[in-house]
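Please consult the sequence and the structure shown here while reading.

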Amino acid sequence: MPRPAKVPTPPPPGYVWTPEAARRLGLSVKTLWNYAHLGKGPRPRRIGRKLAYSIEELDAWLAAELDADPSTGRAHESRPAEPRTSRKPARVAA
């Protein structure tokens, strides 16, 4: 006898699961998981084994990101590029 199909559990009212939150923000699911791990982005709530995001918090975070001032220096959070070095040994003049 075949197993019954698993129906996904709907999120609580006012919340969406991670894939829907990523779609709303225009991010990948992986990026949203990384943001949750780093404490960046909208704050998720753990419900069972899943992460749920408040729709209000998603909209507020997205509005804040769109209105962010680029001159605050947030665009350069990473360290500067390393100078390039050659892998080949230098030629010796004869």
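## An aromatic pair

Tyr35 is partly exposed, since its relative accessible area is 21%; buried means under 20% relative accessible area, exposed over 50%, and partly exposed in between, with a 1.4 Å probe and protein chains only. Trp61, with a relative accessible area of 18%, is buried. The model is predicted: local features need pLDDT of at least 70, side-chain atom pairs count only at pLDDT 80 or more, and totals for chains, interfaces and linings use all residues. Residues are numbered from 1 along each chain as its sequence is written, and side-chain values use heavy atoms, with hydrogens and water left out.

A search of the whole structure finds one aromatic pair. The ring centres of Tyr35 and Trp61 are 6.1 Å apart and the planes stand at 65°, so the pair is edge-to-face. Rings of Phe, Tyr and Trp (its six-membered ring) pair if their centres lie within 6.5 Å; planes under 30 degrees apart count as stacked, over 60 as edge-to-face and the rest as tilted. Because Tyr35 belongs to helix H2 (residues 29–38) and Trp61 to helix H3, the pair ties together parts that are 26 residues apart in sequence.

## Overall fold

The chain has three helices and three strands, in the sequence pattern β-α-α-β-β-α. Helices (H or I, at least four residues) and strands (E, at least two) are DSSP runs, numbered from the N terminus. Of the 94 residues of the chain, 15% count as buried. Among contacts in the chain with a separation of 6 or more, 48% involve residues 24 or more positions apart; a contact means heavy atoms within 4.5 Å.

Three strands form an open sheet in the order E1-E3-E2, with antiparallel pairing; two strands pair if DSSP finds at least two bridges between them. Strand E1 (15–17) and strand E2 (45–47) are the edge strands, each pairing on one side only. From one strand to the next, the twist averages 45°. Three bridges join E2 to strand E3 (residues 50–54), and these two strands run antiparallel. Within E3, Lys50 is the bridge partner of Ile47. Lys50 also lies over the face of Trp17, at 4.7 Å from the ring centre; a charge sits over a ring if NZ of Lys or CZ of Arg is within 6 Å of the ring centre and within 35 degrees of the ring normal.

Helix H1 (residues 18–25) lies across E1 and E3 and runs at about 100° to E1. Axes are lines fitted to C-alpha atoms, for helices over the stretch in contact, and angles run from 0 to 180 degrees between N-to-C directions.

## The nonpolar core and its surroundings

The largest nonpolar core has nine residues: Val16, Ala21, Ala22, Leu25, Leu32, Leu51, Tyr53, Leu58 and Trp61. H1, E3 and helix H3 (55–66) each supply at least two residues of this core, and H1 gives the largest share, three residues. Such a core is a set of buried Ala, Val, Leu, Ile, Met, Phe, Trp, Tyr and Cys residues joined through side-chain atoms within 4.5 Å.

Leaving aside residues up to four places away in sequence, Leu32 touches Thr18, Ala21, Ala22, Leu25, Leu27 and Tyr53. Thr18 is found in helix H1 and is buried at 5% relative accessibility. Beyond its neighbours within four places in sequence, Thr18 is in contact with Val29, Leu32, Trp33, Leu51 and Tyr53.

Ser54, in strand E3, is likewise buried, at 11% relative accessibility. Not counting residues up to four places away in sequence, Ser54 touches Gly14 and Tyr15.
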